[in-house]
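Biologist: I would like to learn how to read a structure feature by feature. Could we take the general idea of each term, and then look at a case?

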Amino acid sequence: MMQNKYLLLITLAFVVVIPMFMPPSTSAEMLIFGIIAVSTNIMVGYTGMLSFGQAAYFGIAAYTAGLMLKAGMPLILAAPAGVLLALVTSGIVGYFCVKRTGLYFICLTFAFNQMFYFIAYVWTDVTGGEDGLPGIPRPDFLNDDITFYVFTAVVFFACMIAMLKIVNSPLGLVFKLIRENPNRAEAIGYNIQLFKWFSFVIASSFTGVAGTIYAMVYSIVPIDQIHWLKSGDIIFMLLFGGSGSFFGPLIGAAAYIWMSDTFSVIWARWPLMMGVVFVFVVLFMRGGMAELISNIYNRFKKPNGDPEKPDDTSTDKPVEVRS
Amino acid sequence: MSIVLSCKGLAKTYGEDRVVKGVDLDVRAGHIHSVIGPNGAGKSTFFNLISCQVPKTAGSAFFEGQDITSVAPHDLPHMGVSRCFQRTNVFPKLTIYENVWAAVFARMNGGPVDFLKTIAGFGAVKDHAEEIITRVGLAHKLHDKAETLSHGQSRMLEVAVTLAGVPRIILLDEPTQGLAPEATHEMTDLIKELAAEYTILLIEHKMHIVMGISDVISVLNLGEKIAEGTPDEIQKNQMVQDAYLGRLR
């Protein structure tokens, strides 16, 4: 727990520093994808359910909030409505998905994601179709970019603290039991389908929170934000940052946004670079950046100790996704 | 003594293969009731039927009057039935304490709200978990990950997780499998000690253990119950000798 407090402080320092090096909107985007990566990790890293469909709930919340803001409704209504719709949709989709495991689970999340994508694609009158949903106004008090960034940071920290509380609660422990050994978890008395569903809905709802803010960053929801490739990007963030730790995915999200922001203007084929990084991480850095940093930290902390000895304070290790 | 677990015509068929052929079996309160039989006799399938791991083809098993073969596996511990698995089946990346804590919490939580509280806030769950860990001799490993345990210690953890469910009957599936003689001795002592508090249904291959600790033994052969009685009676039973013990000689 002590370690988590330090990591939260480091995150706070990072949040304060990034707008000094990047435009506030890019910085806000980093925090938004930070929420998505950490929340998706509750499902992937903690519960062992690999989803390729999280962009759906991000998109649903973003479209809902965007449409309501465009209709002149206040943020206090639009934001909860976006999150609620993400929650309800993920509740329905999750109900079907958690009935299956492994490859079938992955395929179901993917299929539902694409279903929502095609709905957004063809429902041009409402969603703007291929052009996306432009012209989303920000509330007056968020018109200034720095104020908007501060607002995003506050929501980001509220989400981080809430998710940290969840993963450290008995609920979080049950998620880990399911990841480790679902049959045994069931045999000691936990209804694993119900808990998998909770994990699915919790992860998707926090992703929805991120979606509602995203709608206001550039005042547009591009159609590709609901495409399954975005779900793939989220998984990249988890693996790059490290799905074995709570804070690891934040590193992945920040790196992804930084790379897309920096390299996309230089080279149109920049995702190729991401592919190379991905291959490198999967082959040589199974625990992602979080494990790399943790190993370096341990070497400095115990210069005379056995470098192979795991850090006693770490609660998680990179996991095999079993769903 | 009253009958706590009663199986009536319990059967399992895989295609043409009748693995368990209508077994009747009564387990009395406070007994160590062992189920033995040669390889392929259907013992594990019989156990899986009672613990809802596989769906039955016919028959029923009643625990304290309630049919336990048609409930969800996760409801079974809440009815007072805990199962220890043949293959060591704990949560490898979690600590010994977390393994047992989670099993105690499964039975002792007060409702949905408890799942969102802090783990440290459940004093009674902590005390009970620590008591069980001490009982199986793993107190010195409290905060070690389960994957670091030896095979013998893992078997003890498996029993600890089973006990954590506050059961009234324990189903033990070959608890001494793969254990060194010293560890087997410790496990046998623990089972004897547990018999004072719980009813135990045991599957075990090691004959000297079964004969030494059982009150009643049922013998399965080719999916059928061919004999039942005290260890003395079973040892003298000609049919059992032919089917099982006889072959060992």
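Biologist: Does B:Glu228 count as buried, partly exposed or exposed, and at what relative accessibility?

Modeller: This is a predicted model, in which local features need pLDDT of at least 70 and side-chain atom pairs count only at pLDDT 80 or more, while totals for chains, interfaces and linings use all residues. Residues are numbered from 1 along each chain as its sequence is written, chains are lettered from A and ligands numbered from 1 in the order in which they are written, and side-chain values use heavy atoms, with hydrogens and water left out. As for the general idea, buried means under 20% relative accessible area, exposed means over 50%, and partly exposed lies in between, with a 1.4 Å probe and protein chains only. B:Glu228 counts as partly exposed, because its relative accessibility is 37%.

Biologist: With which residue does B:Glu228 form a salt bridge?

Modeller: A salt bridge is a side-chain nitrogen of Lys or Arg within 4 Å of a carboxyl oxygen of Asp or Glu. The partner of B:Glu228 is B:Lys225, and their closest N and O atoms are 3.1 Å apart; B:Lys225 is itself partly exposed, at 31% relative accessibility. Elsewhere in chain B, salt bridges that share partners join B:Arg135, B:Glu193 and B:Glu197 into one network.

Biologist: How many salt bridges does the structure hold over all chains?

Modeller: Over all chains there are 14 salt bridges. One of them joins the side chains of B:Lys117 and B:Asp114, at 3.0 Å from N to O; here B:Lys117 is partly exposed at 41%, whereas B:Asp114 is buried at 11%. In chain A, A:Asp145 forms a salt bridge with A:Arg138, with the closest N and O atoms 3.0 Å apart, and in this pair A:Asp145 is partly exposed at 35%, while A:Arg138 is buried at 14%.

Biologist: Where is B:Tyr198 placed in chain B?

Modeller: Helices (H or I, at least four residues) and strands (E, at least two) are DSSP runs, numbered from the N terminus. B:Tyr198 sits in the loop between α5 (181-195) and β8 (199-203) of chain B, and it counts as buried because its relative accessible area is 12%.

Biologist: Which residues is B:Tyr198 in contact with, leaving aside its neighbours within four places in sequence?

Modeller: Contact means heavy atoms within 4.5 Å. Once those neighbours are left aside, B:Tyr198 is in contact with B:Gly30, B:Arg135, B:Leu163, B:Pro167, B:Arg168 and B:Ile170.

Biologist: What does the side chain of A:Ser260 reach?

Modeller: The side chain of A:Ser260 reaches the backbone oxygen of A:Ile257 at 3.0 Å, and A:Ser260, which is placed in helix α12 (residues 248-263) of chain A, is buried at 16%. A second case is A:Thr64 in helix α3 (residues 54-70) of chain A, where a polar atom of the side chain lies 2.6 Å from the backbone oxygen of A:Ile60. A:Thr64 is buried, with a relative accessible area of 15%, and, leaving aside its neighbours within four places in sequence, it is in contact with A:Ala81, A:Gly82 and A:Leu85.

Biologist: Why is α11(A) described as largely enclosed by the rest of the structure?

Modeller: It is described in that way because 11 of its 14 residues are buried, among them A:Ile234, A:Phe236 and A:Phe240. What covers these buried residues includes α2 (24-46), α3, α5 (102-122), α12, α13 (271-284) and α14 (288-301) of chain A. Just after α11(A), A:Gly242 takes a positive phi of about 120°.

Terms used: Polar contact = N/O pair within 3.5 Å; in protein donor to acceptor, adjacent residues only side chain to side chain.
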